[in-house]
Amino acid sequence: MSERIFRIAIDGPSGAGKSTIAKAVAKRLGIDYIDTGAMYRAIGLKMLAKGLPMEESPALAEMLARTEIDFDRGNVFLDGEIVNDRIRTQEVSKAASDCSALGMVRTKLVELQRKMGQAKSVIMDGRDIGTNVLTDAEYKYFLTATAEERARRRHRELLDKGHESSFKEVLEQIVQRDYNDSNRALNPLRRADDAEEIDSTDMTVDQVVDYICGKVELK
């Protein structure tokens, strides 16, 4: 790859495989993967731990000012502590969705994300990367799949990690989160006008990775 700085933005609904795809693309292209969803999960985890309500408040502002989030070799650090597994529970997933609708949370994290994108070549995935965070990204994709397929993937992932859950429950959460993410007042989930949509319902991870890397490498 050339030494030029370029940014890849991947948006899409919950369970579409954005993180898995982004990590694989980053590894193949030799660029950094910024897990924006993990950043919101980390904030959600910290709010739950501190018993803060999912609303804007002076206490939340103070907490955010004292919060540090970083990534290193696949690990997510919250205030210097690795929280990889703790941020992947269903409770934290809901907290992440709730806190992502709070303006002061988004302002804090978007500022950090933009700084990362200015300094080096990166790939980011989330709900509003192409529409808000990296609006000038050289490559933009909207990764999606049917709600049923996304629920199957998430349910299998939870079972593999030892978390008891029912497919019906996971599907209901997927549908509810789709609604929440698409209807929130601040930067709702939508495809950027200049983003290419990729429906991964019948695609393997490798097929999606090959497609995106092929697009980047041809430029």
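Visitor: In what order do the 5 strands of the open sheet come?
Guide: Heads-up: this is a predicted model, where local features need pLDDT of at least 70, side-chain atom pairs count only at pLDDT 80 or more, and totals for chains, interfaces and linings use all residues. Residues are numbered from 1 along each chain as its sequence is written, and side-chain values use heavy atoms, leaving out hydrogens and water. Strands (E, at least two residues) and helices (H or I, at least four) are DSSP runs numbered from the N terminus. The strands pair (at least two DSSP bridges) in the parallel sense, in the order β2-β6-β1-β7-β8.

Visitor: Which strands stand at the edges?
Guide: An edge strand here has a single partner, so one side of it is left without a neighbour in the sheet.

Visitor: Over how many bridges do β1 and β7 pair?
Guide: Look at residues 7–11 for β1 and 139–144 for β7. Asp 11 stands opposite Phe 142 in β7. The parallel pairing of β1 and β7 runs over 4 bridges.

Visitor: Are α7 and α8 parallel, antiparallel, perpendicular or oblique to each other?
Guide: Their axes (lines fitted to C-alpha atoms over the stretch in contact, with N-to-C angles from 0 to 180 degrees) come within 9 Å and cross at roughly 125°. Under 35 degrees is roughly parallel, over 145 roughly antiparallel, 65 to 115 roughly perpendicular, and the rest oblique. So α7 and α8 are oblique.

Visitor: Is Ser 200 buried or exposed?
Guide: Ser 200 is in the loop between β8 and α9. Buried means under 20% relative accessible area, exposed over 50%, and partly exposed in between (1.4 Å probe, protein chains only). At 4%, Ser 200 counts as buried.
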